[in-house]
Amino acid sequence: MSSRAPLPFDPVEEARRHWAGHGWAEAAEGMAAVTSLMRAQAIVLARVEAVLRPLGLTFARYEVLMLLLFSGRGSLPLSRIGERLQVHPASVTNAVDRLEATGLVERTPHPTDRRTTLAALTQAGREVATKATEALNAEVFARPGLPADDVRTLVDVLATMRRDAGDF
């Protein structure tokens with residue numbers, strides 16, 4: 001996965017040991033958990049980006065395409081996209097701008113609310129979303145790097161963290 005040789009030791013465990021040794025034992029496990037989570041996120045993101053980059057997508061843009069694909073009409077107000085993806089409106093605008101520039105999404109006026117703009121999936125956007133999903137399913141999602149039981153446990157643990165943070 002990485003072009004560099006693996007370290008001969010776990011740097012997170014080493015940091016945890018140092019944390020405890022410097023008098024921060026009560027925070028050492030939490031530091032190790034957060035640091036491990038951040039490193040795991042970087043590993044997963046690199047795998048996802050390797051699949052999406054050849055299709056001209058980032059994960060944020062892929063999420064927008066999939067949200068539109070799963071919507072009943074293939075379109076959603078920009079504000080609804082932000083709510084569903086839990087991102088700032090500026091991030092939605094940027095992602096839609098990029099997708100529109102490549103012909104995968106188009107902005108259209110809302111049929112009943114002149115103040116609202118919709119992002120609508122184009123046929124090309126549908127095709128790219130499907131191709132990206134097939135590649136992600138094969139190369140990342142079906143083999144996330146953990147045994148199946150651990151994947152379910154991870155999802156459950158992270159759901160608790162997300163719920164406690166007010167995600168849902």
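Helices (H or I, at least four residues) and strands (E, at least two) are DSSP runs, numbered from the N terminus. The expected span of a helix is 1.5 Å times one less than its number of residues. This is a predicted model: local features need pLDDT of at least 70, side-chain atom pairs count only at pLDDT 80 or more, and totals for chains, interfaces and linings use all residues. Residues are numbered from 1 along each chain as its sequence is written, and side-chain values use heavy atoms, leaving out hydrogens and water.

**Helix H7**
- Glycine 166 follows H7, with a positive phi near 90°.

**Helix H5**
- The 13 residues of H5 should span 18 Å at 1.5 Å a residue, and its end C-alpha atoms are 18 Å apart, which agrees.
- Val92, Ala95, Val96 and Leu99 of H5 are buried (under 20% relative accessible area, 1.4 Å probe, protein chains only).
- Seen down the axis, the buried residues of H5 fall within an arc of 95°, so they line one face of the helix. The arc is that of the directions from the helix axis to the C-beta atoms.
- H3, H4, strand S2 (105–109) and S3 are among what covers these buried residues.
- Glycine 103 follows H5; its phi is positive, near 80°.

**Largest nonpolar core**
- A nonpolar core is a set of buried Ala, Val, Leu, Ile, Met, Phe, Trp, Tyr and Cys residues joined through side-chain atoms within 4.5 Å.
- The largest has 28 residues, of which Leu57, Val64, Leu65, Leu68 and Ile81 touch the most other members.

Key: Buried < 20%, exposed > 50% of the residue type's maximum accessible area, 1.4 Å probe, protein only. Contact = heavy atoms within 4.5 Å.
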